[in-house]
Structures are given as structure tokens and as C-alpha cells.
Amino acid sequence: MTRVGVLALQGDVREHQAMLESLDVEVVRVKRPHDLDDLQGIVFPGGESTAMAHLLKSSELREPLSELIVSGFPVLGTCAGLILLSNEILDGRADQWSFGALDVAVRRNGYGRQIASFEVSVEVSGVGEYEAVFIRAPRIERVAASTTVLATLDREGDHPVLVRQGNLWGCSFHPELTSDTRIHDAFIQSF
Amino acid sequence: MIPVRLSAMTNSTQTGSTLVKRGLADMLRGGVIMDVVNPEQAKIAEDSGAVAVMALERVPFDIRRDGGVARMSDPKMIQEIQATVTIPVMAKARIGHFAEAQILQSLDVDYIDESEVLTPADEANHIDKWAFTVPFVCGATNLGEALRRISEGACMIRSKGEAGTGNVVEAVRHLRTINQQIRRLHTADASELFSLAKDLQAPLPLVQEIAETGQLPVPLFCAGGISTPADAALVLQLGAQAVFVGSGIFKSQDPIRMASAIVEATTHYQDASIVAKVSTGLGEAMKGWETATLETRLAERGW
């Protein structure tokens, strides 16, 4: 059975867990370094990236996760999770760190504050039409040539909303808030 | 089952949907929302790992001490805090005061708390929260009250507790009551739900939904009297999904350490050794009040 972690420091952990379990995946909630043992991949959920960055350090997860990511460990990051993966953060806190593994620049709250949060249909490569939920979402401003863009959204300019670079998947919206498991399934099938 | 009113439609993009409003509450789960009265405190909150701040002019402890009518905060102070932090900024409107809520929405606050901590503006009606694009959180002392607020459009429920006292006893009572009443519905026969809905003074469709799912359709957070890491661990284990800390941080001896300790205890609430570690040498928590000695019971406000 596939065994996947969900980073469970804060955020919509429950939704990711339910979605993975519906795909017959065994889920481990990751709060401490030993929770990373024997995982085949991990999901960084939605939530607040500054709070998660703070808790990753105090929970002693930053170093072991960094090492795993460098070694090719599969990660799916949604919203705050995308910010944690990215190597450049715009409009964030001056001291905000990230794993810097996914070669994209993201702008925090790039689509606006909560009043501007929205649902919209996007076309996802290899998946088809997908109902995407954006909540105070980060906007991807730049991607490297090595990064595959799987979906874009034309809203004040065309921006990627789902990208993949090797084993790293970054998503500016929240597939876990819908009942559509296709993006999680694609992530699991890529192992 | 709940009427979904869409507040804006442009092409195929939809803002203000129930999914989007409840979704932000989902993102805050497992986190700490801190009351702050100025940008300096907001910065400390964000530095300490808060998932959101509640911008207000006086924390409940001071509202209680000073007396008088407590109202929505000055927009200038809310805007200064919005300019300081990257995390969501919430603000409070008086119960029933939809004009204050309209102002807060125009300021782009991320969540509005229709709060009993402020002096109520309407003794019969709460705000029609479906009429807003910005989501609302409301307090509740029992399941009936929670469901009335949800039927009015609230997208997050918090216990009321007894704000500003530093005493968690009322929050514990509210959480236990709400969860006991949910369990009662979940085990009830379908034919009993009509009478139970009447007893709860709650809409039947919501009662039937909870009977089926065994949980509230929106996140349940805890507020009112939380002042130590142990308090946070207690209410999380009692089923709260996140905590609001009002006076407990900035009325303590060492706010920076207290803020960070409560954040860590909220994440690691099931690991007593971590809660013990962060509780060590924190200095004094806020002084607090015995609830029985209070002249004003804020939790009794709301209908």
C-alpha cells in the first residue's frame, strides 16, 4: 500500500488526508521527524505559510525535509505548500524562508485578500477541466525552463496555477477542498 | 440544504461562495488567532507563528475593566495592521450592527467576528451574513446557537467562553455542550429530529445534516479565557480545531514567549512532553478573574 505523509503542523490537513485515503493511500500525519520514516511522498497542505515555516523549525522538520527533497522525494504543495516549496517569495515577510526546491517565483496573496478569493474552472494538462478553488492564493510570477506548466489561469494576465518539476508539484489552488481526486491521483501515480 | 447566495459573478469566476468562505476557516485549523491592538503586537503575533490576527482597539480584559460602549475599531488602526502583516486580518463588529460589518468589508478585512465582546447593537437580530462577500465567525454557547448563526451565514463557529477573564472554564463548558449535543443528534432516530430541532431552536435541515455527518458543517474553534499552552492543549483535545487568544498573550508577563508557546502547544496538543517543554519558565500568565464574581457576563449576549 502506498504510504504518504501530510505535513500536519497547521492547515487543511484533514481534507488532504480524506482525499488520499479515498485513493487507498495510507496517510501519516507528520508533526515530528520520526513521522517521516518509510514515507513514499508528502503533501504540504494549505494554511498560513509563515506559521508553517515557524513550526517547521521548532518541530525540527526543516533539516530532514530539506534533505529528503534534495534526494528526489515527491512533494505536492497546495497554496501555502507551494510557497514553502518555491525558491523566490514576493511580497512576503523579509525574513521568510522556504525550501527553495521548486524553481518558481510566487507572489503571496497575489490574487488579493479574502474578499477576492474565488472559484473558477481551469484546464489541467492530462486531467481535463477542473474546478479550482483559490483562497488568498499565491500567484506564480515566473517559472524556470525546467518547470512544466500543467495549468494556467488568465486573470490580470496569464499565470501558471499548477506546475511540476520532477517529483515536485506546486498548485496555487486547493484541489483538496473539492471532491475531485484527479490531481492527487496524478501525484500518487507519478511515484 | 443551506441556501447558497452568490454575491458576485464575473464570467465564470465566482467570489464569496460558501466553499471559498468556509475554505479560509479550513486553512486556519490547527492554528492560533491572536488579538492585537497595534502594528507592533501584530508583528509579534506573526513572528510567533499566528495564523491570523484580530485587530481591535482594546482587548477584552480592558473592555471589561473600562466599561462603556465597546464598538468597531477605528479603520485607521485596522489598515495599519493590514499593512504590517501578511497573514489574514480579522476585525469585530457589534452583534446586529450590519453597518459596521459593511465598513469592515469595504476595508477588505479577511474575516468579520460578529462579537459579544462588543456591546450589542440589536437585541433580536444578528447580521444577515449571506449578504456579504467576506466571511463571518460567530460565538456560540450551545449547538442551537451555533446552528442559528450558521443559518444566518456564519462560516466559522467559536465558543464564546468568558472573554477577558483568563479563565477557560466557560469555553470548556461551551465546547463540551456543543459536542454532547452533536453526539445526541448523531445517534438519534430520524423521527426524533423534528422534536430535537424544536428544542435546539435550530433549522431542521441543519439538524438533519448534523445527525447524518456527526459534525458541524463549518469549523469549530475555541475562544474565551485561553491563557496558557496547557489551556490550548485542553480545548484542542476537547474537539476545538483552532484557538483564539485574546487578552492571554499581551496581558502576560512575556508576550513573545507566551505567543510562541501557545502556537507550539496548539500544533503538538497530543504530545504532553512538548507542551511541558514550552510551558517551562514562561513567567506569569494573565491574572484573570473567577467567573462567579463577574458583573457582566459577555457570553449571555447573542440570541
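## A tour of the A–B interface and its pockets

Start by selecting the contact between the chains: 45 residues from chain B and 39 residues from chain A take part. Keep in mind as you look around that this is a predicted model.

Next, show the surface between the two. About 3300 Å² is buried between chain B and chain A, with carbon and sulfur atoms giving 52% of it. On the chain B side, pick Met27(B), Arg29(B) and Thr86(B), which supply 21% of the area that chain B buries against chain A, more than any other three residues.

Now colour chain B by element: strand S2 (13-15), H1, helix H2 (39-47) and H12 each supply at least two residues of the side that touches chain A. H1(B) gives the largest share of that side, 7 residues.

The largest pocket has a volume of about 590 Å³. Its lining counts 27 residues, and the closest to its centre are Arg14(A), Arg29(B), Ala240(B), Gln241(B) and Tyr269(B). To see the lining by class, look for 11 nonpolar, 11 polar and 5 charged residues.

Finally, move to the second largest pocket, at about 320 Å³. Select Arg14(A), Glu15(A), Leu19(B), Asp26(B) and Pro217(B), the closest to its centre among 17 lining residues. That lining divides into 8 nonpolar, 3 polar and 6 charged residues.

Methods. Residues are numbered from 1 along each chain as its sequence is written. Chains are lettered from A and ligands numbered from 1 in the order in which they are written. This is a predicted model: local features need pLDDT of at least 70, side-chain atom pairs count only at pLDDT 80 or more; totals for chains, interfaces and linings use all residues. Side-chain values use heavy atoms; hydrogens and water are left out. On a 1 Å grid over the protein atoms alone, a cavity is a set of points where a 1.4 Å probe fits but cannot get out, and a pocket is an open set with protein on both sides within 12 Å along at least five of seven lines; lining residues have an atom within 4 Å of a point. Grid points are joined across faces, edges and corners, and a volume is the space filled by probe spheres set on the points. Ala, Val, Leu, Ile, Met, Phe, Trp, Tyr, Cys and Pro count as nonpolar, Asp, Glu, Lys and Arg as charged, and the others, Gly among them, as polar. Contact means heavy atoms within 4.5 Å. Buried area is the accessible area (1.4 Å probe) that two parts lose on being put together, summed over both. Helices (H or I, at least four residues) and strands (E, at least two) are DSSP runs, numbered from the N terminus.
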